[in-house]
Structure formats: structure tokens, C-alpha cells
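Here is a short report for a first look. Keep the sequence and the view side by side while reading.

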Amino acid sequence: AASPPFLERQLLRRVNYTMGKGGDAAVGASRKIQLIGGDDKVDKYTWDEVKKHITPDDAWVVYHNKVYDVSGWYDHPGGGVIFTHAGDDMTDIFAAFHAQGSQAMIKKFYIGDLIVESTKKDQRQIDFEKGYRDLRAKLVMMGMFKASKGFYAYKCLFNMCMWLTAVAMVYFSDSTAVHVGSALLLGLFWQQCGWLAHDFLHHQVFKHRKYGDLAGIFWGDLMQGYSMQWWKNKHNGHHAVTNLHNSSLESLDGDPDIDTMPLLAWSLKQAQSFRAANNGKDTAFVRTAIRFQAFTYFPILLLARISWLNESFKTAYGIGASTANAKAEMER
């Protein structure tokens, strides 16, 4: 699966209503109705019934008010990211992640229709969802999600020139100052490599995704030493459920990018999340780390590259997983 284009991500981040995970605002009576008309049978499910199926091995999802049972679908082309919306409405995030026509693949998982009234969405939520979808459709028609290949050709060429310049500065000079300048330029090169790999692996440059994957492998695996397989699994999960915590211990609907306890907490709920493993109390380490995180935040970020290389190494050699989705895939 691919993550949403930059503009769409910004739109989704700037709204205050529920979207994608919008079912969290819904409440319904738990019951299933089977309607029989002629020779056709269509099962009808309430929102509460859907919300019971939230684990990878028991996963129901909703797409345009139709219910699909994707339990155990670890062969999903995008990996375990599909389970981030188990027991939830994936209509908008599906549109953001997939190419046109991808919905044909999920037809075989169809089990019935959602009883729309059971979601009990208020008019404000309904109007917001319609407004968002209308806006997205207009932006697509305007070509706002079409990337400029010329721009990316320029960025790739300029980046390689930075690398060659940094190498030449070390090779042709013995000056300490020149070597320091080379190190700074190489650091900028690596930073740009990260964003180039990011954009290519978002599949926002090429129509055919294999070309984006190959470009991502060049800028990520080769030029930086990171596993793009690890990064895509983690980043897809981030964009599927941006800045959300797991709703339960069994579900996989949390953002791996904010899974930073016990070093950093992004909410009071997360700060208290380790209490369950310590008889309802915070450990001395957790109390100290969270108390001073405003001061330790940037020093911790300095270690991010080491952490990324460590996770990449574990992924490449199959000796560990950095996210719950990746772990579920590895265990299959």
C-alpha cells in the first residue's frame, strides 16, 4: 500500500472531526439482521457488531457501508496495515492509499451491508465527510496529486552532485576545515536522501509502483543503509492511523511513530500506559523520563539514526520486528 500524497496528508491533519477512524464517534445496538428478498440474501450488521472484530485474526472492515471480513489476510499486498482499521470504517483511508480499481480485490471478502442508522452519526459529521470527499474529488480532477517528474529528476541529480562534492573535498584536500565542510554536506545529502526515498515510496512520482520501489531502494537501502521494507511497514501504519494510540491490547490500530514509551509520552493516556504492567503504578524511570522529556526530546532524536539502523538490521536478517504489524507478518 502507499501512503497519502503530501497535500492530502495535510488536509487530514488539519481537521478536527473524525475521519477514517470516524467510527469512534458512532454507537449502535448490537444485532444482526438477515433480509431475504427473492433468491438473494443480504446480511445486515450494526456498527456495534462490526466493532467486535478488531484483531488480525478476527477483522471486519467497512467500505462505503459494506462489511468485509478480512480476518487473517496477511497476504494483503500492503501487509498488516489493513488491520489498523479492523472493526472500523476504512472508506477514506482506502481511497488515500490505493490506486483506482483496487477495490475489486476486496469483493471476495464481502459478507453484508452496514445498517447505516446504527452508526448514529450526527449531521455535522455527515456533512464533514461529504465535504472532504467532494474536495478530494475536485483536487484529483484539477491534477493536484500529479507529481512533476522534472522536479524529481532535478532533485536526484542535485543530490548526487552534493555527494560527489563531499567525496571530492575529502579526496583532494587535507584541510580539517574542508573535511568538516564535507561532513556537513554529507549530512545534508543523507537528509535529502531520506525525503527522496519518502516521496518515491509514497508512490507519488511514478504511475507504476515498482519504479517507485526501486527508486526508494536506491535512496534508502543503498545510499543510507536503511531497510525500506521496515520503513514502509512502519510508515504505512503511521499514515493509516496518524497520531492515534491502540484502542486495546489486542488491536493493531495504533500509530507506530508515537510508540515511544517509556522515553517519550504524547498524551496523558500514553504516559499512564505502563501502569498495567506495574500494579497500576508508574515506575521511577517512567516518572523521571516523562517529567524531563521537554529537555531530553532533542537529545533523544540524535539517537534516531542509530535506532533506524538497528531496526533495519533486525528486519533484514529476520531477528526482530519494530511494530506490531511487522511482528504479525513475520510470525506467519
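## Helices α5 and α6

This is a predicted model. Start with α5 and α6. Helix α5 passes helix α6 in a left-handed crossing. Helix α5 covers residues 149–171, and helix α6 covers residues 176–201. Their axes come within 9 Å and cross at roughly 155°. Angles over 145 degrees count as roughly antiparallel, so α5 and α6 are roughly antiparallel to each other. The contact of α5 with α6 has 16 nonpolar residues, 6 polar ones and 2 charged ones.

## A serine in α6

Ser182 sits in helix α6. Is Ser182 buried or exposed? Its relative accessibility is 5%. The limit for buried is under 20%, so Ser182 counts as buried.

What does the side chain of Ser182 reach? It reaches the backbone oxygen of Ala166, at 2.7 Å. Leaving aside residues up to four places away in sequence, Ser182 touches Ala166, Met169 and Val170.

## Helix α7 against α6

Next comes α7. The axes of α6 and α7 come within 8 Å and cross at roughly 155°. That angle makes α6 roughly antiparallel to α7. The contact of α6 with α7 divides into 10 nonpolar residues, 5 polar and 1 charged. Helix α6 passes α7 in a left-handed crossing.

Which residues meet here? From α6 come Phe189, Trp190, Cys193, Gly194, Leu196, Ala197, Phe200 and Leu201. They meet Gly212, Asp213, Ala215, Gly216, Trp219, Gly220, Met223 and Gln224 in α7.

## Helix α7 against α5

Helix α7 spans residues 209–224. How do the axes of α5 and α7 cross? They come within 13 Å and cross at roughly 10°. Angles under 35 degrees count as roughly parallel, so α5 and α7 are roughly parallel to each other.

In this contact, Cys156, Asn159 and Met160 of α5 meet Phe218, Trp219 and Met223 of α7. By class, the residues of the contact are 5 nonpolar, 1 polar and no charged. Trp219 and Met223 of α7 are among the residues that meet α5. Trp219 and Met223 are also among those that meet α6.

His203 lies in the loop between α6 and α7. Phi of His203 is near 60°, a positive value in a residue other than glycine. With a relative accessible area of 13%, His203 is buried.

His64 also has a positive phi, near 50°, and is a residue other than glycine. Where is His64 found? It is in the loop between β4 (58–63) and β5 (66–69). His64 is partly exposed, at a relative accessible area of 47%.

Met261 and Pro262 are joined by a cis peptide bond, with omega about 10°.

## The protein overall

Now step back to the whole chain. How many helices and strands does the protein have? Its secondary structure comes to 13 helices and 7 strands. The protein has 332 residues, and buried residues make up 40% of them.

Contacts can also be sorted by distance along the sequence. Take those between residues at least 6 apart in sequence. Of these, 63% join residues at least 24 apart.

Notes:
Residues are numbered from 1 along each chain as its sequence is written. This is a predicted model: local features need pLDDT of at least 70, side-chain atom pairs count only at pLDDT 80 or more; totals for chains, interfaces and linings use all residues. Side-chain values use heavy atoms; hydrogens and water are left out. Axes are lines fitted to C-alpha atoms, for helices over the stretch in contact, and angles run from 0 to 180 degrees between N-to-C directions. Helices (H or I, at least four residues) and strands (E, at least two) are DSSP runs, numbered from the N terminus. Angles under 35 degrees count as roughly parallel, over 145 as roughly antiparallel, 65 to 115 as roughly perpendicular and the rest as oblique. A crossing is left-handed if the near helix is turned anticlockwise from the far one by less than a right angle, and right-handed if clockwise. Ala, Val, Leu, Ile, Met, Phe, Trp, Tyr, Cys and Pro count as nonpolar, Asp, Glu, Lys and Arg as charged, and the others, Gly among them, as polar. Buried means under 20% relative accessible area, exposed over 50%, partly exposed in between (1.4 Å probe, protein chains only). A polar contact is a pair of N or O atoms within 3.5 Å; within protein, one must be able to donate a hydrogen and the other to accept it, and residues adjacent in sequence count only if both atoms are side-chain atoms. Contact means heavy atoms within 4.5 Å.
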